Amino acid sequence: MNALTHYETPLLQTPFHARTSAANKMHSWGPWAGYASVLTYEDLAMEHSSIRNAASVYDLCPMVKYRIEGPEAMAFLNRLTVRNVAKLSVGGVQYTVWCDDAGHLIDDGTLFRMSPDRFRLCCQERHLPWLLDSAYGFDVAIREETEEVAALSLQGPTSASVLAAAGSDVTGLKPFRMADFAFVGGEVTISRTGFTGDLGYELWTVPELALPLWDHLFAAGAQHGLRPIGSDALNIARLEAGFIITGYDFTPAPQCVREDRLRSPVEMGLGWLIDWEKGHFTGRRALLRAKPKWAFVGLEVDGNIGAEGAILYHDQKTEVGMITGACWSPTLKKSIALAQVQAAHAAGGNLWAEIYALRELHYAKMMMRARVVDRPFFQTDRRRATPPARF
Amino acid sequence: MPMPSFDALIIGAGPNGLAAAHRLQSAGRKVLLLEAGVPGGGAAACVPLAEGFAPQPLAHLSLNLDPRVAHGVELARHGLRWAAPDLATTALSPTGGHLRLDGPAGAALQGAVSEADRAAWAALRARLMRFAAVLTPLRQMPPPRLARGAGNPMLKLAMVGLKARMMGKAEFRELLRMFLTNVHDALNDELTDPLLKGALAFDATLGTWLAPRSPNSLLLWLDRLSGGVGGVQGAIGLPAGGMGALASTMVAAVQAKGVSLRSNARVARVLVEGDRAAGVVLDSGEEIRAPLVVSSLSPKATLLGLVGSRHLDAGLITRARHLKARGGAAKLHLALRGLPDFRGADPKTRLVIAPSEEAVERAFNPVKYGQVPEAPVMEIILPSAFEPGHAPAGQHVLSAIVQYAPHAPKDPEVARAVLLEASLRQLEAHAPGLRSLILKADMLMPYDIEARWGLPGGNWHGGELSVEQMLFLRPLPGLAQYATPVEGLWLASVGCHPGGGISGSAGWNAAGAIMGVGK
């Protein structure tokens, strides 16, 4: 029998580990979907700044990926997810969510249409049993391909220039589209997608090409301020962009122990994704019947202390919600937050966040006014401009 | 020629489909009944046996025909007669020391049984009949719901509770004690005679995927005892002309009511438009439209086959797939050149081979693992001994339910041959010379029953009848009120509450639920 030693190294290493670990000067690691993932390489402010002012590279490998293919792959996905997959053309990418029978959110993710009959679904949580159960009655094959794909996210105003310098001309690539590029005897697929709300791309290849890709990119990016970023910097950027993370901003239905933690897409501000006319999808009938009890909102909070985890009060007295993600936004110079509030308070007015600021080992308790504002907090034309401006 | 339009389509002309059709048509709906084969009768429909012999049904006796259906459909007026309305049972002994149980549910016992056992059986029988009677009203209403504000028929439910409580504190406690116990323990608490215990244990578990020692098996016995014939609780009847005649009487009654009937119209799928049922598509491709579709096929077949994943939530599809449907009973038909002699037993009784409760349990053991028992237990009827018309003069038909049979053995052909041989060995041991009388032998295994009668797994109940699949759990939580998530599509199947037998109860209940919605 083999000696069991897996518990000694419980976290897997991504195909970029040789490079990410060398660059991780702070030895700051966190677990993500079973992989060791860098939280901050060197300096959080510089890393966030590279997203908004230059270019950044983030190791995406731990993101869960499923390969979904077969003559009825599209029909399967239309029944699984709330959006209309028929409207997703080959080479396109769709942000989407899916629900259980009761219309409660299971996860969100991005769906890539690789060919008429082949898709890739990228998401935060693992769902193979649910996907396979959902596949009953459809001519479709599904398997997890997380380990077969090496992926990097290249984000920031100079990202197109970095790619140009690397020899990939992406000037014609529109948001939510992808294209294949030759790379050292293989291929890299580049999609104009990301989690920062900025100009950016995601690069997909096989694990064997991971290190050459990293090296090639950093050689090309030297003149464009390219630097690796960890999850902490990305989290600030995604909050500025108003994006949610499963498990942070809502609890996925299969993991909910408490009934009142279940959330529908409508309650998470994702009702706009639902295509009611496309035919049946799992949870549709429940969603039609449901009356939303919650709303998901963006908040600007007074003061300069991040309001992470703060309880929200109406009139400083009645609990009406909870901040699920917050930060001091370096871009906006404001304290911003994402929050679940009771539906009656979706419009805001007289909302207060109870913030505990740790000051030299003592908490200062503050009631700060929180105003409901439109998301995204931070918006830039760079994100959509095609061709992208050269920086 | 334009198709006449209908208010309701009913899929399957079995007892439930017929009952639902009759009730809906009576309420003023125009009903079209679609049957894949020849109408009708579901498990009372017949398969051919041999030249000159009457075709044989799957269900060969009537034990729980719903009195509401019998009266509502006016079966007597349409010619239903009984060859034996209250069949006696003979518990066969291989040495001729038979026991005979006369009257409903073995009210009178003849044979070499101790006085103590006689008294104990009388007491146990009375108690079981009392308990079963308490539960009977539950069969005649949709299952109660657990949800808040579900609109349960509280008065009816309160009456059930009150009736149970009115038995007195000791009996009520005894009901609660016995409710979920097993047949083996209940019998051994009271009785000693192996042959008597064997016959009772056999009856208690007939047609289920349970053996006497299986948890909760007593509940199935109570369910069986809640039936009866012509208002006599616990009676078992043989209709004149056999169960096929009961089926054709129902068909005649339903047609007389004005229901349109189409044979050889196999429904391929339910047509769903705008998230509601709009009709059906036959396997010929023909489309028949109606705003109401009622399926009397098993819920499993309806949800997975006729509706399909595209129109249902993934979780529901998974639950439907996991719905347990294993059949443990095989059906044996013999064409005989003469009357077999079961060592003097009265051929005009129901003959049971089940030497002991242990023997019943042992016959189930190999079946759990996909194998065939060496000594199967069985219920035998010789319809030709009761009346002419079943076989050429002087010749006879033997119809037997053989337990247990594997529903998914490794080699179905081999399993069929092995079970046939084991059954004939058992029969020969109890009726020497029987084998030499055989002109033709047909063994229908659970998978044959599935193929012929469309019952998943060959299970008589269109989904196992056991406590975890009864009442509001039948066929699945959320579907127990006969409605489906697809508006306009209803379930009226033996796989719904209250379950199996040639009863029509589920169909009658479903029609009531449908009309309630229209109010």
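Visitor: Where is B:Asn216 found in chain B?
Guide: This is a predicted model. In it, α7 of chain B covers 194-205 and α8 covers 217-225. B:Asn216 is found in the loop between α7 and α8 of chain B.

Visitor: Is B:Asn216 buried, partly exposed or exposed?
Guide: The count for B:Asn216 is 16 C-beta neighbours inside 10 Å. Buried needs 20 or more, and exposed needs 12 or fewer. B:Asn216 therefore counts as partly exposed.

Visitor: What is the phi of B:Asn216?
Guide: B:Asn216 is not a glycine. Even so, its phi is positive, at about 70°.

Visitor: Which loop of chain A holds A:Lys333, and what is its phi?
Guide: A:Lys333 is found in the loop between β16 (318-329) and β17 (334-342) of chain A. The residue is other than glycine, yet its phi is positive. The value is near 55°.

Visitor: Is A:Lys333 buried or exposed?
Guide: A:Lys333 has 8 other C-beta atoms within 10 Å. The cut-off for exposed is 12 or fewer. A:Lys333 is therefore exposed.

Visitor: What is the peptide bond from B:Gln403 to B:Tyr404, cis or trans?
Guide: B:Tyr404 has its place in the loop between β20 (396-403) and α14 (412-430) of chain B. Omega from B:Gln403 to B:Tyr404 is near -5°. The bond is cis.

Visitor: Which residue does a cis peptide bond join to B:Arg474?
Guide: Omega of this bond is about -5°. The partner is B:Pro475.

Visitor: Is B:Met378 buried or exposed?
Guide: B:Met378 lies in strand β19 (residues 377-381) of chain B. It has 24 other C-beta atoms within 10 Å. The cut-off for buried is 20 or more. B:Met378 is therefore buried.

Visitor: Which residues does B:Met378 touch, not counting residues up to four places away in sequence?
Guide: B:Gln403, on the cis bond to B:Tyr404, is among the partners of B:Met378.

Visitor: How do the axes of helix α3 and helix α4 of chain B cross?
Guide: Helix α3 covers residues 115-139 of chain B, and helix α4 covers residues 154-165. Their axes come within 9 Å and cross at roughly 175°. That angle makes α3(B) and α4(B) roughly antiparallel.

Visitor: Which residues meet between α3(B) and α4(B), and what are their classes?
Guide: α3(B) brings B:Val134, B:Pro137 and B:Leu138. α4(B) brings B:Lys156, B:Met159, B:Val160, B:Lys163 and B:Ala164. By class, the contact has 6 nonpolar, no polar and 2 charged residues.

Visitor: How many residues does each chain give to the contact of chain B with chain A?
Guide: The side of chain B has 4 nonpolar, 5 polar and 4 charged residues. Chain B gives 13 residues and chain A gives 13.

Visitor: What share of the residues in chain A is buried?
Guide: The C-alpha atoms of chain A fill a box of roughly 65 × 55 × 55 Å along the principal axes. Of the contacts with a separation of 6 or more, 68% are between residues 24 or more positions apart. Buried residues make up 49% of the 391.

Visitor: Which element gives the largest share of the side of domain 1 of chain A that touches domain 2?
Guide: Domain 1 is 9-61 + 149-241, and domain 2 is 295-377. Their contact takes 8 residues from domain 1 and 10 residues from domain 2. On the domain 1 side, α2 (44-53) and α7 (231-241) each supply at least two residues. The largest share, 4 residues, comes from α7(A).

Visitor: What covers the buried residues of α2(A)?
Guide: The buried residues in α2(A) are A:Glu47, A:His48, A:Ser50, A:Ile51 and A:Arg52. Their cover includes β2, β3, β9, β13 and α7 of chain A.

Methods
Residues are numbered from 1 along each chain as its sequence is written. Chains are lettered from A and ligands numbered from 1 in the order in which they are written. This is a predicted model: local features need pLDDT of at least 70, side-chain atom pairs count only at pLDDT 80 or more; totals for chains, interfaces and linings use all residues. Axes are lines fitted to C-alpha atoms, for helices over the stretch in contact, and angles run from 0 to 180 degrees between N-to-C directions. Angles under 35 degrees count as roughly parallel, over 145 as roughly antiparallel, 65 to 115 as roughly perpendicular and the rest as oblique. Two residues are in contact if their C-beta atoms, placed from the backbone, lie within 7 Å. Ala, Val, Leu, Ile, Met, Phe, Trp, Tyr, Cys and Pro count as nonpolar, Asp, Glu, Lys and Arg as charged, and the others, Gly among them, as polar. Domain bounds come from an automatic or database domain assignment.
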